[in-house]
Amino acid sequence: MRSVLIRCVDPFEPNRVRFMVCPTATNTAPFMGKPPTNIALELPPQSQSIKFSEAGLVDEFTVGYVVDQRQGNTGGLGGAFGCFYGVGSPLP
């Protein structure tokens with residue numbers, strides 16, 4: 001991962017932490033039945049959050065909300081969609 005850009009406690013939901021990430025990956029192993037491509041992926045910046053229960057356990061984990069589709073090399077897609085697109089196996 002290139003970096004975690006911003007981290008903060010949500011002022012409206014104090015049991016939720018919001019953060020932004022710029023994930024990177026390289027396809028070095030078989031993926032969905034296809035051989036490795038060794039393609040280096042740079043996904044666009046994505047907003048994510050983790051919501052905790054009263055007991056401190058993770059209740060909800062949101063991922064893949066793209067902030068700037070112009071960045072990266074996955075066609076503006078984030079999360080699993082960006083990974084599939086980036087290695088040449090886009091989802092329909």
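This is a predicted model: local features need pLDDT of at least 70, side-chain atom pairs count only at pLDDT 80 or more; totals for chains, interfaces and linings use all residues.

Q: Great, salt bridges to begin with. How many does a search of the whole structure find?
A: The search finds six salt bridges.

Q: Which side chains does Glu13 meet in a salt bridge?
A: Glu13 pairs with Arg18 at 3.8 Å, N to O, and with Lys51 at 3.6 Å, N to O. Glu13 is in the loop between β1 (3-9) and β2 (16-22), while Lys51 belongs to strand β5 (residues 46-52), so this pair ties together parts that are 38 residues apart in sequence.

Q: And are those three buried, exposed or partly exposed?
A: Glu13 is partly exposed, at 25% relative accessible area. Arg18 is partly exposed too, at 32%, and Lys51 is partly exposed at 22%.

Q: What about Arg70, which side chain does it meet in a salt bridge?
A: Arg70 meets Asp68, at 2.9 Å from N to O. Arg70 is exposed, with 74% relative accessible area, whereas Asp68 counts as buried at 16%. Elsewhere, salt bridges with shared partners link Asp10, Glu13, Arg16, Arg18, Lys51 and Glu60 into one network.

Q: Switching to cysteines: how many disulfides does the count come to?
A: The count comes to zero disulfides.

Q: How accessible are Cys8 and Cys83?
A: Cys8 is partly exposed, with a relative accessible area of 37%. Cys83 also counts as partly exposed, at 25%.

Q: Okay, new topic. Which residues form the nonpolar patch on the surface?
A: Leu77, Phe81, Tyr85 and Leu91 form that patch, and together they have about 380 Å² of accessible area. Leu77 sits in the loop between β6 (58-66) and α1 and is partly exposed at 34% relative accessibility.

Q: How about Leu41, where is that one found?
A: Leu41 is in strand β4 and is buried, at 4% relative accessibility. Leaving out residues up to four places away in sequence, Leu41 touches Pro23, Thr24, Ala25, Asn73, Thr74, Cys83, Gly86 and Val87.

Q: Asn27 next: buried or exposed?
A: Asn27 is buried, with a relative accessible area of 8%, which is under the 20% cut-off. You'll find Asn27 in the loop between β3 (24-26) and β4 (40-42).

Q: What does the side chain of Asn27 reach?
A: The Asn27 side chain reaches the backbone oxygen of Ala29 at 2.9 Å. Setting aside residues up to four places away in sequence, Asn27 touches Pro35, Pro36, Thr37, Asn38, Ile39 and Val87. Asn27 and Ile39 are twelve residues apart in sequence, with their C-alpha atoms 5.5 Å apart in space.

Q: Last one: where does Ser89 lie, and what does its side chain make a polar contact with?
A: Ser89 lies in the segment after α1 (79-86), and its side chain makes a polar contact with the side chain of Lys34 at 3.2 Å. Not counting residues up to four places away in sequence, Ser89 touches Lys34 and Phe84. Ser89 counts as buried, at 15% relative accessibility.

Terms used
Residues are numbered from 1 along each chain as its sequence is written. Side-chain values use heavy atoms; hydrogens and water are left out. Helices (H or I, at least four residues) and strands (E, at least two) are DSSP runs, numbered from the N terminus. Buried means under 20% relative accessible area, exposed over 50%, partly exposed in between (1.4 Å probe, protein chains only). A polar contact is a pair of N or O atoms within 3.5 Å; within protein, one must be able to donate a hydrogen and the other to accept it, and residues adjacent in sequence count only if both atoms are side-chain atoms. Contact means heavy atoms within 4.5 Å. Patches are made of residues with over 30% relative accessible area and no salt bridge: like charges are joined within 9 Å, nonpolar side chains (Val, Leu, Ile, Met, Phe, Trp, Tyr) within 5 Å. Accessible areas come from the Shrake-Rupley method with a 1.4 Å probe; for residues, only the protein chains shown count as cover. A salt bridge is a side-chain nitrogen of Lys or Arg within 4 Å of a carboxyl oxygen of Asp or Glu. A disulfide is a pair of cysteine sulfur atoms within 2.5 Å.
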